[in-house]
Amino acid sequence: MYAQRAEPMRSARSPARLPWKKDIKRNGFLYLLYAPTLCYLVIFHYIPMFGVAIAFEDFNIRRGVFGSRWIGFDNFIDLFTGETFGLVMRNTVGMALLNLTIGFIAPILLALVLCEVRNKRFKRITQTITYMPFFVSTMVVCQLARFFLAREGGVTLLLSALGLPKQNWLANPNLPVFWLINCFTDIWQGTGYGSIVYVAAISAVNGDLHEAAAIDGAGRFRRIVSITIPSIKPMIIMMLTLRVGTVFMSGFDKILLLYMPRTYDVADVISTYTYRMAFGSSINYGLSAASGLFQSLVATALLLLSNAMNRRLTAYSLF
Amino acid sequence: MERLKNLYRAIGAMLAALLLTSSCAFAADDGLVNAAPDAPESSFSYWISRGDDVSYYEAYQQNPGVEYLMTKAWGPNQTRLSFDFRVPIMGSEQDNFNTMLATGDYTDVMELTYYNDSVIELYEDGIILDLTPYVEQYMPNYMAWLDAHPDYKQTATNVVDGQPKFLQLYSYYEGVNDPWCGWCYRRDWIIQFGKRPDGSSFTGGFTKTLVDGTPDENSWTDDVVFPSGETYPKLISDWEWMLGIFKTAIDTLGIEDGYGMSVFYPGFIASGDLITGFNSAGTWYKGLDGKIQYGLTGGGFRAYLQCFSTWFKNGWVDAAFTEHTGEMFWRTDEAKVRQGKVGLWYGLEAQLLNRMDDGEGLKKGVVVFAAPNPINDVYGSASERNVIPRTMFLASLEGQATVVTDKAKDKDLAALFTFLDWQFSREGAKLKILGLSKEQYEETRNELYTRLGFTEGAYYANQTPDGELYKLLPEIEADDRLANAVRPIRFFWLDATATLTIPNEGMKADQQRVWLTYSNTGTLNTSFIKQLSPADTNLYSKVNTQVTEFANKHVPDFIMGGKDPFSDKDWDAWVKAVNKYKPDQVTQALQTLLEQLSQ
């Protein structure tokens with residue numbers, strides 16, 4: 001009764017589309033404003049795309065893209081037939097799923113809670129404190145994680161008090177210990193910053209709805225479930241769609257800094273695996289490019305799939 | 001009028017003679033001639049991987065030695081050379097080198113430290129020059145050095161189309177310098193907690209103190225004897241005896257987070273070292289029969305694992321060794337070592353004797369001695385026992401490689417190669433390792449030397465039974481950064497420290513030399529591996545990367561008890577798993593190369 005059906009995010013097309021020449025003539029200034037962005041995209045994002053050819057070459061840095069030997073899919077075969085590629089894929093998907101579930105929900109929950117705080121001073125202080133980890137470098141985050149999860153670290157001592165064995169948790173080669181460490185360090189670092197967009201969305205929810213619901217006797221929880229969440233649903237869908245596209249590729253630097261040979265089997269993801277294989281005794285740019293291309297294709301596929309599913313299931317979609 | 005002209009001529013001749021005499025009076029006796037003011041000039045860009053502290057000078061061409069050499073005349077045309085040294089930012093050497101090659105903006109002369117692929121490919125791509133004619137014509141000193149060292153001469157050239165060619169020039173050491181790292185152990189713990197077979201205790205300590213009240217490190221004496229009968233731990237059984245003592249020490253002192261021995265995180269050091277005493281290595285090496293062998297699947301490595309798994313079971317080694325990733329093997333868990341909680345470790349010369357003793361807590365009374373790589377006398381079969389160590393991290397005479405690129409082909413290469421060759425002369429080596437002499441300083445009045453007050457030169461000479469030998473001034477010797485800055489050591493060199501300098505004396509130097517107890521005859525030098533064809537280089541690189549990764553992951557299982565190195569089943573499974581990466585193909589390629597070079 002309290003929910004308001006939100007409009008799909010896709011903007012309605014203008015009823016009468018102008019021929020492009022006329023459009024440029026009429027909105028020339030707007031096109032001029034857009035031109036630098038277009039140039040940037042073309043120069044720095046589209047032209048370099050020809051470099052994906054490296055993935056199909058025995059790339060030699062001296063000979064360049066055009067001079068290197070074409071080897072077809074050999075780099076991909078090398079990548080997929082690697083001894084531990086199966087484990088690497090499992091870890092990549094596992095950590096991605098954790099990040100997509102627990103990691104994605106955390107900022108939404110924080111935003112919902114923050115918006116229910118009545119003391120504005122407390123709310124601002126809390127927001128500031130939760131944002132701050134986002135600005136801490138990954139190197140420092142990893143060092144903190146090492147420190148807290150070491151045999152005598154604070155988190156380890158806390159877990160020991162709860163009956164878990166005293167150990168260096170980062171060296172634990174059992175599933176899903178490393179996955180959870182990776183997920184929770186992500187949450188610690190990104191939840192505050194990630195909640196900004198949801199706090200903004202919640203602030204834009206029509207206050208009359210809450211007022212009417214309150215008059216009708218709805219409690220806070222009921223109002224959150226029936227008004228706030230449906231109202232920010234388009235935003236959630238948009239963020240989820242964007243996140244699905246990047247989740248497969250994230251975590252390289254943190255995992256590289258936190259894992260060790262003993263935990264490779266549970267911590268290695270495609271990017272770290274490729275890094276070691278491609279930049280070992282000598283540098284294999286082809287393998288690295290093949291891995292990058294593979295991840296990009298998977299990410300694009302996931303993005304399209306997620307968008308399509310969202311459109312079908314919720315009537316909201318990014319494009 | 002004629003008389004006046006004659007007078008002018010006479011005065012001119014006298015002035016010229018005076019100028020010549022004064023020049024000779026200041027000329028350094030290094031066989032070099034000053035470049036004439038109107039001498040032809042030739043300039044070369046030169047990529048080196050490291051420069052010096054910018055607090056001394058901004059560009060490497062301002063190095064006192066380089067400045068001096070740039071005033072001289074080189075080659076048949078008496079050319080004045082100038083160099084534009086390009087030095088990458090520390091930490092970005094590899095990127096800088098790759099970018100240079102990829103963009104084609106590489107220098108005339110390049111150090112190859114950060115080049116990992118086939119050097120023959122560089123030649124075939126036309127990037128580097130065939131140096132053979134220049135080396136043969138203009139580098140008699142370099143050739144003489146190679147002739148005197150046939151093992152190194154064999155790999156100084158690359159075979160291209162069946163012909164040996166000098167594609168790169170190697171820097172070399174005249175002899176093995178005092179090493180800077182090796183095995184270290186707590187001698188004080190052996191005295192304090194060790195017992196002789198008859199149950200009596202050892203005695204030892206410093207007998208003298210310095211003016212400031214600290215013990216004189218050269219006054220240490222003790223009566224420690226290891227089970228082998230030696231005064232140092234020679235055998236694995238000596239090490240086991242010693243590790244037992246360290247366990248007693250740690251238990252007695254109540255060091256909860258202490259341990260007997262630190263271990264590099266993969267459980268082995270690939271260069272050999274501890275494994276070599278078991279007649280194996282952590283990678284490819286030259287076996288006792290002179291053939292190339294792969295270490296990780298041999299019986300020697302199994303014996304090594306049997307040894308370490310036993311030590312782990314006995315509680316002698318760091319239980320958390322796999323967690324010290326990102327640390328070099330000569331700095332494993334260094335914080336704990338420096339806190340006085342470890343008995344045996346691979347450490348640095350700066351930790352020897354009483355250098356870690358600051359009089360506080362567990363560090364009080366620490367005395368560290370050096371140990372050579374031990375010889376296995378306990379584990380494995382007869383072929384894995386009592387073998388003299390021969391593959392180790394230190395002790396190769398080979399330094400970095402240098403190439404000359406096509407960018408320099410139209411320049412005065414005769415002058416360049418004469419210049420490079422002079423670095424291999426006695427005087428060149430002296431300048432390299434000792435810096436400017438008084439005479440050389442007076443010729444250039446180098447600003448840095450003047451500023452730092454080294455107007456008498458950077459070193460002094462002593463007559464010894466072996467002839468005249470030299471030593472850097474104490475204030476230079478004591479400061480590594482300064483010592484690097486006053487000498488031109490960053491480019492192509494012959495390091496003659498072993499033959500030209502007065503050897504360091506005292507107990508610390510003696511201890512450092514313990515690390516040189518055995519010669520490195522089994523390690524495959526970089527120059528040898530660089531002889532591989534481009535295809536074999538790729539194969540070597542790929543297999544090496546994959547098998548190293550596999551070993552780093554799974555060797556700890558054998559040590560920590562996940563797998564049993566005494567079990568044939570586990571060992572066979574290991575060998576099978578390693579062989580999946582086909583290290584034998586690389587062994588074959590290296591063996592073929594070795595045979596080719598031996599012909």
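In this predicted model, chain B is assigned two domains, and each of them is made of two stretches of the chain: domain 1 covers 41–174 and 396–500, while domain 2 covers 181–393 and 526–598. The C-alpha centres of domain 1 of chain B and domain 2 of chain B are 35 Å apart.

The two domains touch. Their contact draws on 13 residues of domain 1 of chain B and 12 residues of domain 2 of chain B. On the domain 1 side, two elements of chain B each contribute at least two residues: helix 4 (119–124) and strand 5 (158–160). Helix 4 of chain B gives the most to this side, with three residues. Sorted by class, the side of domain 1 of chain B that touches domain 2 of chain B holds five nonpolar, five polar and three charged residues.

From here the description turns to the contact between the chains. Chain B supplies 20 residues to it, and chain A supplies 15 residues. On the side of chain B that touches chain A, the elements giving two or more residues are helix 3 (93–103) and helix 21 (534–560) of chain B. Helix 21 of chain B has the largest share of that side, seven residues. By class, the side of chain B that touches chain A is made up of seven nonpolar, eight polar and five charged residues.

To find these regions in the structure, look to helix 4 and strand 5 of chain B for the domain 1 side of the domain contact, and to helix 3 and helix 21 of chain B for the side that touches chain A.

Terms used:
Residues are numbered from 1 along each chain as its sequence is written. Chains are lettered from A and ligands numbered from 1 in the order in which they are written. This is a predicted model: local features need pLDDT of at least 70, side-chain atom pairs count only at pLDDT 80 or more; totals for chains, interfaces and linings use all residues. Two residues are in contact if their C-beta atoms, placed from the backbone, lie within 7 Å. Helices (H or I, at least four residues) and strands (E, at least two) are DSSP runs, numbered from the N terminus. Ala, Val, Leu, Ile, Met, Phe, Trp, Tyr, Cys and Pro count as nonpolar, Asp, Glu, Lys and Arg as charged, and the others, Gly among them, as polar. Domain bounds come from an automatic or database domain assignment.
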